[in-house]
Amino acid sequence: MKRSGGEKWTKKHLLGIEDISREEITMILDQAKGFKEVLSRAIPKVPTLRGKTLVNLFCEPSTRTRASFELAAKRLSADTLSITASSSSFLKGESLRDTARNIEAMHTDMIIIRHASPGAAHFLSRCVRSSVINAGDGAHEHPTQALLDMFTIREKLGRVEGLNVSIIGDIAHSRVARSNILALVKLGAKVTVCGPKTMMPLEIEKTGARVTYQLEEALKKADVLNILRIQLERQEKGIFPSTREYIKSFGVNREKLKRYAGKKTVIMHPGPINRGIELSQDVADSEHSVILEQVTNGVAVRMAVMFLLSQIKSVPERAR
Amino acid sequence: MKDAKESRVLSKDDVARILKRMSHEILEKNQGVENLAVIGIKSRGAFLAERIASNIETLEKKKVPVGAIDITLYRDDLTEVAEHPVVHSTEISFDITGMKIILVDDVLYTGRTVRCALSELVDFGRPASIQLAVLVDRGHRELPIRPDYVGKNMPTGRDESIEVRIDDFDGKEEVVLVKNGGDE
């Protein structure tokens, strides 16, 4: 009866932004709008994934992402199972492959994995029949974070194409930065990355992003600032000399915003925030900030991803 | 659509007259507009719901709340549909609890769409009643569902389909019977 279907979703897994096209990104974002509406209902739950079982396999600490995935699954009426590294057989030395295949033997449909090793989600997708969603693999990718960021930008500014987006912080160690750059470039935004030289990966220009080491340059003309969390534990490794120096050179505060950025600049942060370091207290809670909306949108975007992946019939024979 | 033979069964004027008659019937049966609300099933049912609501307003000089419902997330055949379903938003900006809901769709066929809409509606509240209004009833029910208001009964074969075209959505307005190659 419905003729407005359009393109068909064909991917079984969501492993990274690198693997999906501009059209596929747009499709997820369009679908997410419908799911955001579901979240605003008196009963924010639909029966779409009833009878499906989703596993949250989190081998690295996470609050927000795990809660968001779990809630998204529950809103779609799927059954969820959470496994965290600290309470699982990983500690007994079971391999990722064995853990995943054992869980799957209990007839699961989708596995959401967060792991410290880059490529863990790709690896997993080759040894299980379930759909795999990458919820962060080392410093590689965090595709759903990038998608929710794109959704938030689109919701706030109406589009992504042609916007100036600056990503500020530890670019080299950030999967959020990597997935965001890929998504922004695919959607036609002008990306600037900014941070200390020790936090800038080699050959970053090849991604299509402009590089600057001056915060002022990143703030000028920016429609969106995506400010990354500074992993304080890295300071010990000598990547930046002192927290105070970082705040001075790269911390975003009211004064710097006023001096260099526009009044309508949108500020995003993937969380958790180090208040007073990468982002000052007053800016984090200011009218510029859409940080909490990002969290809300995260659930809608993850619902859209789960919905789309669940439409792909699983391969009958066991993929190796 | 290959080798599909179309024959027009209702013109734009026919559709307008039918919707007027149905609006009268709705008012007659419900004795006015009190607690009445019209909710259309997306996509085309939503446009029909708007028309019925505006007819009612003209007749009774009172506005009735209008909503639109997208049933994609409630379907039981999601993995069987060839084209990828797109999730649209359900737009019901009023509390349906205690209301007399007129549920509107373009074509009533197996009844499965209506079944989905009913499941979804009760997740929004507890209406006093739900009545079903369809522009075309083409038969072949697979569920115990019957319409309260029918624009036109059109007995069809399984190999045929009915296409309702709405001005605002399809660029022209008519109802056609399609033989072979239809994708209803």
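## A guided tour of chains B and A

The model is predicted, and in it local features need pLDDT of at least 70 and side-chain atom pairs count only at pLDDT 80 or more, while totals for chains, interfaces and linings use all residues. Residues are numbered from 1 along each chain as its sequence is written, while chains are lettered from A and ligands numbered from 1 in the order in which they are written.

**Stop 1: chain B**

The C-alpha atoms of chain B fill a box of roughly 50 × 35 × 30 Å along the principal axes. Its radius of gyration, taken over C-alpha atoms, can be set against a globule rule of 2.2 Å times the number of residues to the power 0.38; for 184 residues a compact globule would have a value near 16 Å, and chain B agrees because it has 16 Å. Counting two residues as in contact if their C-beta atoms, placed from the backbone, lie within 7 Å, residues 24 or more positions apart account for 68% of the chain B contacts with a separation of 6 or more.

**Stop 2: the two domains of chain A**

Now select chain A and colour residues 17-141 and 296-310 as domain 1, and residues 143-295 as domain 2, bounds that come from an automatic or database domain assignment. The centres of these two domains of chain A, taken over C-alpha atoms, are separated by 25 Å. Across the boundary, 23 residues of domain 1 of chain A are in contact with 23 residues of domain 2 of chain A. On the side of domain 1 of chain A that touches domain 2 of chain A, H1, S4 and H11 of chain A each give two or more residues, and H11(A) gives the most, with 6 residues.

**Stop 3: a sheet in chain A**

Next, show the open sheet of 4 strands in chain A, whose order is S2-S1-S3-S4 with parallel pairing; two strands count as paired if DSSP finds at least two bridges between them. The edge strands, S2 (79-84) and S4 of chain A, each pair on one side only. Look then at strand S1 (residues 53-58) of chain A, which 6 bridges join to S2(A), and pick out A:Phe58, which stands opposite A:Thr84 in S2(A).

**Stop 4**

Select helix H5 (residues 143-157) of chain A, whose 15 residues reach 21 Å from first C-alpha to last, close to the expected 21 Å, where the expected span is 1.5 Å times one less than the number of residues. H5(A) is mostly covered, with 12 of its 15 residues buried, among them A:Leu147, A:Phe151 and A:Ile153. After H5(A) comes A:Gly158, whose phi is positive, near 85 degrees.

Finish on H1(A), where the buried residues include A:Ile25, A:Phe35 and A:Val38. What do the buried residues of H1(A) pack against? They pack against helix H2 (64-75), H5, H6 and H11 of chain A.

How values were computed:
Buried ≥ 20, exposed ≤ 12 C-beta atoms within 10 Å, placed from the backbone.
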